[in-house]
Amino acid sequence: TIHPDLKFVHLKKNNVEIISLGFILDPLNPEFSDEDIIRNLLNNTSDFNSVIKGTYNYGGRWIIIYKNKNNIQFFHDAAGSRQIFYTFHKTGVWCASQPHTIAKELKISKSNNPDLLEFINSKEFEEDEHCMIGDGTVYNNILHLVPNHSLSVNHTKVSRYWPDMPIPKLTMEKATEKVSALLVKLYESANNRFKLIQPVTAGTDSRVLLAVSKFESNDIFYFIHKFDKLTRFSPDIRVPKKYLPSIGLDFNIVVCDEYNKYFDDYLKKNVYMIQSKKKKVQHYNYFKYFQGYVLASCNINGMIRFPPYDGIDQDCKESDLAKLFNAENKRYVISAIKKWLNSDLLNIIKTNNIYIKDLFYWEHRNANWIPMFQTELDIAI
């Protein structure tokens, strides 16, 4: 079942089918459509593992479903920004983009685990914009597929597919050169496909994306939403208002001054957990003013940047990682990290030159927090 607003491609060759949900961007072929990209995958890969490897350069927000005569397998974009929730039920394997969809269909109740309830009712959970930790949800036995993992339907199993080889060390100059080239072409690919709007703040992520958009800037509407406690003296308005005109670009301040209870009904129906009450006003403004546009943002930048987690090394414990969320005294968080930080993962990290804190940030923080905002935005635009 596919939402009427969700783009999909379904192609078949011999005994193999590939279905994509969402949009895919190929920086090596920025003129390619979703169908071009899936056809290219189908023609140049021999099995599921080679399909996964074939997507390593891709951007976008997507899910790929791979089907052959033996199995059906799911995986998603590297950031997990188009989410997959699943359950292994007595009636079969069920997947959906939101857990409450499965819960309603199968009459699955919310969990009464006291550790989970303590966590989701805590001040820390509220302050962290309702960001879950790990692969759990508030429903019994409905789980979240985290990045770098695939789901096998026939084997009712989730498997890690990345990292799959040692990560070579690069100098800052070489890394910058490589990443910049990919980002510029990803942006070109997006601009070929969509009418883009781009928020600009005083933040590093925002200024990186502004630089990336340089060659497409004549097509882009640069703006900021003025809501909550933001004033004309706030850095996120004062700074871009000064530097955008200096490079010949308009900076637009869009005021969020109302909310609509009917929009709220749709938002709650489609999204199982809202990030924060104040952001709902922002989403309604997107709905009101930006129909037909796609938002270009750089939030996922955090997963490829060395996060400022001083004092956490390769020998860290569950409580050390939980401290990053001010949740070291939350039993649910400790158990979720313990489940993730098993002996197999420790061996993979050591063998492939991965920092624990980087992978943890990627698979726990990024994959839970950022898609919440994107899913809410899907309801608006």
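In what order do the three strands of the open sheet run, and is their pairing parallel or antiparallel? The order is β6-β5-β7, and the pairing is antiparallel.

Before selecting anything, note that this is a predicted model in which local features need pLDDT of at least 70 and side-chain atom pairs count only at pLDDT 80 or more, while totals for chains, interfaces and linings use all residues. Residues are numbered from 1 along each chain as its sequence is written, and side-chain values use heavy atoms, with hydrogens and water left out.

**Stop 1: the sheet**

Select β6 (92-96) and β7 (143-144), the edge strands, each of which pairs on one side only. Strands here are DSSP runs of E with at least two residues, helices are runs of H or I with at least four, and both are numbered from the N terminus. Two strands pair if DSSP finds at least two bridges between them. One place to look is His-89, whose bridge partner in β6 is Gly-92. Strands of a sheet pair through backbone hydrogen bonds.

**Stop 2: Glu-363**

Go to helix α14 and pick Glu-363. This residue is buried, with a relative accessible area of 1% (buried means under 20%, exposed over 50%, partly exposed in between, with a 1.4 Å probe and protein chains only). Show the side chain of Asn-148 as well: a polar contact of 2.8 Å joins it to that of Glu-363. A polar contact is a pair of N or O atoms within 3.5 Å; within protein, one must be able to donate a hydrogen and the other to accept it, and residues adjacent in sequence count only if both atoms are side-chain atoms. Leaving aside residues up to four places away in sequence, Glu-363 also touches Arg-160, Trp-340 and Asn-368, among others (contact means heavy atoms within 4.5 Å).

**Stop 3: the largest cavity**

Asn-368 leads on to the largest cavity: with Gln-83, Phe-85, Tyr-272 and Met-372, Asn-368 is among the lining residues nearest its centre. A cavity is a set of points on a 1 Å grid over the protein atoms alone where a 1.4 Å probe fits but cannot get out, and lining residues have an atom within 4 Å of a point. Helix α14 (residues 356-380) gives the largest share of this lining, three residues.

**Stop 4: the second largest cavity**

Finish by selecting Phe-119, Glu-124, Phe-125, Asp-128, Cys-131, Ile-133 and Phe-325, which line the second largest cavity.

Notes
1 Å grid on protein atoms, 1.4 Å probe; cavity = no way out; pocket = protein on both sides within 12 Å on 5 of 7 lines; lining within 4 Å.
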